[in-house]
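Thanks for coming, everyone. Let me put the model on the screen, and then I'll walk you through it.

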Amino acid sequence: MITRSPTNVQTNTIALHEDASTRWQTQLARAIRDPRELCRRLDLNPQWLPGAERGHELFEVRVPEAYLARIHHGDPDDPLLRQIVPLAEEDVATEGYVPDPLAETDQTPRQGVIHKYRGRVLLIASPACAINCRYCFRRHFPYQENSPSREQWRDSLAYIQQDASLREVILSGGDPLASSDRQLDWLVGQLDAIPHLKRLRIHTRLPVVIPDRIDDALSQWLSRTRLAKIVVLHINHANEIDDAVIKACQRLKALGATLLNQSVLLRGVNDSVDALDALSERLFDADILPYYLHVLDPVSGAAHFDVPDDEARSLVDALRSRLPGFLVPRLVREIPGEASKTPL
Ligand SMILES: *Cc1c(COP(=O)(O)O)cnc(C)c1O
Ligand code: SF4
């Protein structure tokens, strides 16, 4: 249950992030990280194992139980399964697929700061994710070099402070909500004090993969900020949204956050009009509006997820003829050096 007595709230505040018995942290710590265990838990045919082990060497397996529970056993085409099980295909080199497709390592004015677009700056607030998605464009990101200490944070904050054109800070990662509440509370407090900032955006998949992340401790720091709050979730398929996810979203809504979603168009996951239609409808049920539908970034190891541009366009055209405009995501690609995401 989400409801807690005032006594428990107190305990949470004191224990905060470092107490491994706090629910979401335990779930995070217990996430499956072994390809053998993953295959066994999902009752996958043993023929999956060599590929899973090879893929794991390239980008480690990580799946929390709450996500695993939404996968249908015995269905090798399950759209959630495809997002998390490593495959032998990841080891296939494909022309045009590179380790850093967005050339982000060229756009870091400070360690952990990515400033590409006018008015908004992205902070790598946590190097880790609660889940490792096989198509992730940051699967080769040098996170160790981009996980700032408090001193480095001060440097990043000074960068934001001295650029009055910045209106919005985006906490990203990894997954920013994989950070401790103490760290986030401190960081958001620092951002709060920068007068030219208006908005705080959080790009996260945690409320989807471990809905218990949206707890009292998070609510406390998030409700304190004067900044307008936008939470951009990352959901690719309607089956990812269960009742616990809806509850977590309701809680974020109650804190005054605007909820948006970005998806990646993925072969074998959501590459049909029916799947995209169902996703938009399910997002609406969770009080989330579709924002972006990204075409795959050409990161090495993910070529088997690609959907060609023509197909992507006709899918979204078909979606537009079925749904109200506010349930149709903007189909975009990220092109290094452009001033914004590029519509297709
Ligand atoms: C995608 C992205 C943003 C946000 O772009 P919006 O169009 O405002 O959603 C900001 N900074 C970086 C580095 C990004 O990659
Ligand atoms: S949650 Fe986002 S950043 Fe993390 S692995 Fe998945 S796609 Fe990548």
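**Ligand shells, fold and domains**

Start at ligand 1: strand 1 gives the largest share of its shell, three residues. This is a predicted model, so local features need pLDDT of at least 70, side-chain atom pairs count only at pLDDT 80 or more, and totals for chains, interfaces and linings use all residues. Residues are numbered from 1 along each chain as its sequence is written, while chains are lettered from A and ligands numbered from 1 in the order in which they are written.

Who sits around ligand 1? Ile114, Lys116, Tyr117, Arg120, Leu122, Ile170, Ser340 and Lys341. Near means a C-beta atom, placed from the backbone, within 6 Å of the molecule. Strand 1 (113-117) and strand 2 (120-126) supply at least two residues each. Strands are DSSP runs of E, at least two residues; helices are H or I, at least four; both are numbered from the N terminus. By class, that shell has four nonpolar, one polar and three charged residues. Ala, Val, Leu, Ile, Met, Phe, Trp, Tyr, Cys and Pro count as nonpolar, Asp, Glu, Lys and Arg as charged, and the others, Gly among them, as polar.

Now Lys341. UniProt, in an unreviewed entry, lists Lys341 for "modified residue: N6-(pyridoxal phosphate)lysine". Such annotations may be inferred rather than shown by experiment. Lys341 lies in the loop between strand 8 (330-333) and strand 9 (342-343). Why is Lys341 classed as partly exposed? Because Lys341 has 17 C-beta neighbours inside 10 Å; buried takes 20 or more, exposed 12 or fewer, and partly exposed is in between. Leaving out residues up to four places away in sequence, Lys341 touches Tyr292, Val332 and Glu334. Contact means C-beta atoms, placed from the backbone, within 7 Å.

Next, ligand 2. Its shell includes Cys129, Cys133, Cys136, Asp175 and His234.

On to the whole chain. I see 13 helices and nine strands. The C-alpha trace spans about 50 × 45 × 40 Å along its principal axes. Of the 344 residues, 40% count as buried.

Last, the domains. Domain 1 covers 21-91 and domain 2 covers 104-343, with bounds from an automatic or database domain assignment. Their contact takes 25 residues from each of domain 1 and domain 2. On the domain 1 side, helix 2 gives the largest share, four residues.

Definitions and conventions:
Two residues are in contact if their C-beta atoms, placed from the backbone, lie within 7 Å.
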